[in-house]
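I opened this notebook page to record what I looked up in the structure. The entries cover contacts, confidence and salt bridges.

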Amino acid sequence: MRYFFIPLILIFSFLSCENDKEISSIDPVNWEKRRVTIDLSDSLRIGQSYLPVYSEIYSESEHLTINLTATVSLRNINPSESIYLNKAAYYDTKGNLIRTYFDYPIYIKPLETIEIVIDERDTTGGAGANFVFDWTINESLHEPFFEAVMISTIEQLGISFTTQGVTIN
């Protein structure tokens, strides 16, 4: 009977190692489905926004951190026209590029929100992580709205807070 459980334990160990490799919601298939071509001859405004995101925060001292899950919301606050995001780049505390989620124009429908999730196990961004988004809109529209919600629960402790993006270009 004991020999029956050893292969099961090995299989479960292998599967759990495979799951550890997958962190952060990088789904290029979904981004590709939103891909569009923008006619730059239209009167379009090009801009850039910065959004602070925390994949971990300090607790008690600089030597102890708490990992956070971050939900990054990319929002079109216009009720009647789509907007376009051209790039979503994620940087760590030191300003090094971690990953680019997409590097081509995608659309966001009127009043639609799309998300990027940074998993709690993904601490590559650190306490000073951030996103830079490049976007294109019609001159008469509101800029996209970028917001992040960070959360963690450890035993009976719950932490959550938000940050908002600012236009930098």
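I took a contact to mean heavy atoms within 4.5 Å. The model is predicted, so I noted its limits: local features need pLDDT of at least 70, side-chain atom pairs count only at pLDDT 80 or more, and totals for chains, interfaces and linings use all residues. Residues are numbered from 1 along each chain as its sequence is written, and side-chain values use heavy atoms, with hydrogens and water left out.

Entry on I57. I located I57 in strand β2 (residues 56–59); strands (E, at least two residues) are DSSP runs, numbered from the N terminus, as are helices (H or I, at least four). Not counting residues up to four places away in sequence, I57 touches L64, T65, I66, L68, I159 and F161. I57 is buried at 18% relative accessible area (buried is under 20%, exposed over 50%, partly exposed in between, with a 1.4 Å probe and protein chains only).

Entry on confidence. I read a mean pLDDT of 87 for the protein chain, pLDDT being the predictor's confidence in each residue, from 0 to 100. Helix α1 (residues 2–21) has the lowest mean among the elements, 49.

Entry on salt bridges. I found four, each a side-chain nitrogen of Lys or Arg within 4 Å of a carboxyl oxygen of Asp or Glu. One of them joins D122 and R99, with the closest N and O atoms 3.0 Å apart. D122 lies in the loop between β8 (113–118) and β9, and R99 in strand β6 (residues 97–102), so the pair ties together parts 23 residues apart in sequence. D122 is buried at 0%, and R99 is buried at 15%.
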